[in-house]
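Please look over the sequence and the structure before reading on.

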Amino acid sequence: MTPAAPKPRTRSRWTLLLRLLALAMLVAAFLAIDGEPLVGPPVPPDARSIALARGIAKQVAGQNAVAGARETIVLRQSELDGFSAMASQVIAPSRAEARLIAPPGRAAAPPELVLRLSRSLPLGAWLNLEARAHSTGAGRGLPTVRASIGHLPVPAWLMRWLIGQAWSIAQPDMPDPPTLEETLLQVQIAPKAARVVLINPGRNAALAGLAQLGGTASDPRWVARAYCALSRHADPDLAVIVRRAWQLERPAELGPAEQNRGLLLAVAMRTVPEYRDRLAGASLPLVSACSPPDDPVALAGRGDLAKHWALSAALGASLGGQAAQSLGVFKELSDSLKGGSGFSFVDLAADRSGERFARAATNPQLARFLQTRLAAVTDDQLLPGEALDRPEGLDAGLFERTYSSIDSPEYVAAVAAIDRLLDNIGVPKP
C-alpha cells in the first residue's frame, strides 16, 4: 500500500517554523556582533605586571599553599591590570580587561567587578562579551553576575549554571570536588578592591583543570604507565629520556596525538620532579609509588634548560602553543625582577623548542612522524648549541632599555633570530 503524502498544511507549518528559527538566529547573531571592540588595544605585560599578578597567584598556588586552607585574596585595580595584560597576551588576538567600577550617578547601585573580552571577526566586526558581578549583603557566597554577548543579554540563572559547570569540569583530579559555592565563602566588591575568601583548591588543580576545560586532558593511565617506566632509569640527559619515552609500547586504543600528549606530560613529570603533582592531574594517585632518581636531568649540559624544554612541551600539549609561549615569556619577565636570575633568551630558546615539538606531536597529521623522530632524537636536535650564545641575565631595567617591551621591534627580532636557529636544526615549525 502506498503511504499517504504529507498534508500540505503540515508541510507549510514546518516550513514556517524553520523560517522563524532561521530569522531568530539571524537576529541573535546581529545583536551579538558589534562594529567596535569593547576592550581597547592591550598593553603588553612587563615585569611590574608579572610582579603584581605573581603576588596573588602565590597565595593560591605557591609553595606554602595548602589545599583546604582558608585564604583571603585582595584584588586591587593594579593587580587586575596585571592579570588583564597577561590574559590578553595568552589569548591574543582576543583582548581581555578587568575593572572595578562604581556606577556613576547611581548612589544606590553597588560597585561592580566588570570582565570584558573582545574578539575580532572578519569584515571589521567584533564579538564582545561582558560580565558584571556585584556582591549582595555581606557578600556571602557567589556574587550576582549579569552578562551580555554584544547587545544580547544572558540570563543570570544561565550564567550561574555555566560558571558552576566550568568549575566542576576544571577539577578532574579530585574524586569528590567541592562545589563553587563551597569554595567561594565570601566575595565583597568595593570601588577600590575586591576581597575574596575561599577554600584553597590546592596546587595540583591548575594545569589539569585547564586542560580538562579545554578538552586536551591526557589519559591518566597512560601518563602513569609512561612516567613510572621512565622513573626506573637514572638517565642524566633529556634526549635519552625522550628517546626512552617514545620507544615504550604505546596503547593501541589511543591515537598517535593522544599517545604523544601523554608522553610529553610523563617526560615533564620525570624531568621536573618538583612539578610532578601539578602536572599529574587525574594520574596522581597512580604515580604516588613511582619515585624518579635524585640525579638532575640536563639539556645542553644545563639542568635549567631541560626543565624549560620539558615544561613548555607539557604546557603546549595541554594548553596550546600560545599559552605555552606566553607563560615562558612571563617566567623570564619574572626572573628579571630583583632576586631573580635575569631574563634569558637561552631559556626562551628551550621554551620555544619544547612548545614547537609539542604542537607538531599533537597535530593529527604530524603525530606519527614525530613519534619516529622523537624515538631517535639527539641533544642537538632538541636545542642548537648556537642558542647558548643568546643574551641572558638581564634585569628588568636593562631589558627595558634594550628591548623596551615584548611587543617592540627589537624584541621581535631577537625572538625571530632564535626561531631561525630552531629552523636550521629542523625543530618543527608551528
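Asp304 is partly exposed, at 31% relative accessibility. Here buried means under 20% relative accessible area, exposed means over 50%, and partly exposed lies in between (1.4 Å probe, protein chains only). Arg302 is also partly exposed, at 23%. The side chains of Asp304 and Arg302 meet in a salt bridge, with N to O at 2.8 Å. A salt bridge is a side-chain nitrogen of Lys or Arg within 4 Å of a carboxyl oxygen of Asp or Glu.

Elsewhere, salt bridges with shared partners join Glu97, Glu112, Arg116, Glu130, Arg132 and Arg146 into one network.

## How the model was read

This is a predicted model: local features need pLDDT of at least 70, side-chain atom pairs count only at pLDDT 80 or more, and totals for chains, interfaces and linings use all residues. Residues are numbered from 1 along each chain as its sequence is written, and side-chain values use heavy atoms, with hydrogens and water left out.

The pLDDT is the predictor's confidence in each residue, from 0 to 100. Its mean over the protein chain is 86, and 85% of the residues reach 70 or more. Among the elements, helix H6 (residues 205-213) has the lowest mean pLDDT, 56. Helix H8 (residues 238-246) has the highest, 97.

## Overall make-up

The protein chain holds 18 helices and 9 strands. Helices (H or I, at least four residues) and strands (E, at least two) are DSSP runs, numbered from the N terminus. Of the 430 residues, 45% count as buried.

Contact means heavy atoms within 4.5 Å. Take the contacts with a separation of 6 or more: residues 24 or more positions apart account for 68% of them.

Strand S5 covers residues 126-134. It is largely enclosed by the rest of the structure, because 7 of its 9 residues are buried. Two strands count as paired if DSSP finds at least two bridges between them. Strands of a sheet pair through backbone hydrogen bonds, either parallel or antiparallel.

Strand S4 (residues 112-120) runs antiparallel to S5, joined by 8 bridges. Ser118 has Asn128 in S5 as its bridge partner. S4 and S5 form a hairpin with 5 residues between them. In that turn, Leu123 has a positive phi of about 65°. Strand S6 (residues 144-149) pairs with S5 in the antiparallel sense over 6 bridges. Val145 in S6 stands opposite Ala133. Strand S1 (residues 33-34) is joined to S5 by 2 bridges, again antiparallel. There, Asp34 has Trp126 in S5 as its bridge partner.

## A sheet of 3 strands

An open sheet of 3 strands has the order S2-S9-S8, with antiparallel pairing. Strand S2 (70-76) and strand S8 (184-189) are the edge strands, and each pairs on one side only. From one strand to the next, the twist averages 10°. Axes are lines fitted to C-alpha atoms, for helices over the stretch in contact, and angles run from 0 to 180 degrees between N-to-C directions.

S8 and strand S9 (residues 193-199) run antiparallel, with 5 bridges joining them. Gln188 has Arg195 in S9 as its bridge partner.

## The disulfide

How many disulfides does a search of the whole structure find? It finds 1. A disulfide is a pair of cysteine sulfur atoms within 2.5 Å. This one joins Cys228 to Cys290, with S to S at 2.0 Å. The pair links distant parts of the chain, 62 residues apart. Cys228 sits in helix H7 (residues 220-231). Cys290 lies in the loop between helix H11 (284-287) and helix H12 (303-319).

The link of Cys228 and Cys290 is right-handed, with 90° about the S-S bond. Both cysteines, Cys228 and Cys290, are buried.

## More salt bridges

The structure holds 21 salt bridges. Side chains of opposite charge can pair when their charged atoms come close. One of the bridges is formed by the side chains of Arg132 and Glu130, at 3.1 Å from N to O. Glu130 is buried, with a relative accessible area of 17%.

Another joins Arg221 to Asp219, whose closest N and O atoms are 3.8 Å apart. Arg221 is exposed, with a relative accessible area of 61%. Asp219 is partly exposed, at 22% relative accessibility.
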